[in-house]
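I opened this entry to keep a record of what I looked up.

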Amino acid sequence: MASITLGRYVPYKSFLHKMDPRAKIFALIILMVAIFLPYETYAVSFLVGGIIFVLTIVLLWIAHMSFLNLLKSLSALWIMMVFLLLIYMIAPRTTDFYAFSIGSWKIYWDSFIEAGRIILRLVLMVMISMILTSTTKPLDLTDAFEWYLFPLKLIGFPSHIIAMIITLALRFIPTILDDVQRIMKAQTSRGVDFEKGSLIAKIKAIISLIIPLFVSAFVRSDELANAMECRGYDPNAKRTKYRKLHFRWWDLFETFIVLLVFGGCLYLSISGFNPFNLLGIATI
């Protein structure tokens, strides 16, 4: 868990780090929508997912993020992949193309394809979120969220408080993961085995991890609240900005590229156009 980089800000001098956080949040939302748009065939879905995957790999390289750490962060998805595959294998299918059979039960190819499409979407979500949190300071995220929620202030919505809650939640993801690693090492030194044993033994081991983790989280929350009060933080007071966000020309360029990608994905989704037909390739 120490290798999980989601929520960790990694300081570096790249154009992604210098970009306006509002543009990065907008790009994240637009790409998320593009990923989950319905497409005519599986082939088009994987084509769109592959293009966005290559784009995110390039962005990860620009941000100087380790691809090995990314793979380690995605290791938890293997459990979800197996779970989704089992679900789709159990679900009834209408197609006649099956891969193999277990007794009288037939396992169809589209079970693997559908599970793979869902996993690809989850991987892309994690990668895009990782780019945002790794290249944006927590305070900048707070300002960006508050800027987007500003229209809600007109109806009395506490936009600043919500933005602060979201930012603190993102900030404490790596801290909680560090606590998990520390508690696991401490419990292992006391003879707790998290990998071997019966189901009941594993449940007891997990309980020995969860309870101290909750206690640590509550203690950290109380310390954070006391520190904010000591520094005179008042969520209802009128706030000023020491650093103001500025939208620059590269933010406009990045927004244009993202909108271009989203426009292509939206066209493929609405029109049902299959680019493989132009090459004479049959797809499913």
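**Charged pairs and their surroundings**

I began with Arg182, which is partly exposed at a relative accessible area of 46%. For this I used a 1.4 Å probe on protein chains only, with buried meaning under 20% relative accessible area, exposed over 50%, and partly exposed in between. The model is predicted, so local features need pLDDT of at least 70 and side-chain atom pairs count only at pLDDT 80 or more, while totals for chains, interfaces and linings use all residues. Residues are numbered from 1 along each chain as its sequence is written, and side-chain values use heavy atoms, with hydrogens and water left out.

I looked up the partner of Arg182 next. Arg182 forms a salt bridge with Asp179, and the closest N and O atoms are 3.3 Å apart. The term salt bridge stands here for a side-chain nitrogen of Lys or Arg within 4 Å of a carboxyl oxygen of Asp or Glu. Both residues sit in helix 8 (residues 159-189), three residues apart, which means about one helical turn between them. Helices (H or I, at least four residues) and strands (E, at least two) are DSSP runs numbered from the N terminus. Asp179 itself is buried, at 3% relative accessibility.

Asp179 has a further partner: its side chain meets that of Arg220 in a salt bridge, 2.9 Å from N to O. This pair links distant parts of the chain, with Arg220 in helix 9 (residues 199-230) and Asp179 in helix 8, 41 residues apart. Arg220 is partly exposed, with a relative accessible area of 32%. I noted that shared partners join Asp179, Arg182 and Arg220 into one network of salt bridges.

The structure holds three salt bridges. One of them pairs Asp20 with Arg22, whose closest N and O atoms are 2.7 Å apart. I checked accessibility on both sides: Asp20 is buried at 2%, and Arg22 is buried at 11%.

I then looked at what Asp251 does reach. Its side chain comes to 2.9 Å from the backbone nitrogen of Asp20. That is a polar contact, defined as a pair of N or O atoms within 3.5 Å; within protein, one must be able to donate a hydrogen and the other to accept it, and residues adjacent in sequence count only if both atoms are side-chain atoms. Leaving out residues up to four places away in sequence, Asp251 touches Met19, Asp20, Ala23 and His246. Contact means heavy atoms within 4.5 Å.

**Rings**

I counted rings of Phe, Tyr and Trp (its six-membered ring) as paired if their centres lie within 6.5 Å, with planes under 30 degrees apart stacked, over 60 edge-to-face and the rest tilted. By this rule there are three aromatic pairs. Among them, Trp147 and Tyr148 are edge-to-face, at 5.1 Å centre to centre and 80° between the planes. Trp147 is partly exposed at 48% relative accessibility, and Tyr148 is partly exposed at 33%. Phe214 and Phe218 form a tilted pair, with 6.4 Å between centres and 35° between planes. These two residues lie in helix 9, four residues apart, about one turn of the helix. Phe218 is exposed, with a relative accessible area of 60%.

Trp147 came up again: Arg22 lies over its face, at 4.9 Å from the ring centre. The criterion is NZ of Lys or CZ of Arg within 6 Å of the ring centre and within 35 degrees of the ring normal.

**The chain as a whole**

I ended with the fold. The protein chain has ten helices and two strands, running α-α-α-α-α-β-β-α-α-α-α-α from the N terminus. Of its 284 residues, 35% count as buried. Among contacts between residues at least 6 apart in sequence, 74% join residues at least 24 apart.

Ile257 and Ala27 are 230 residues apart in sequence and 9.3 Å apart in space, C-alpha to C-alpha. Ile257 is partly exposed, at 29% relative accessible area.
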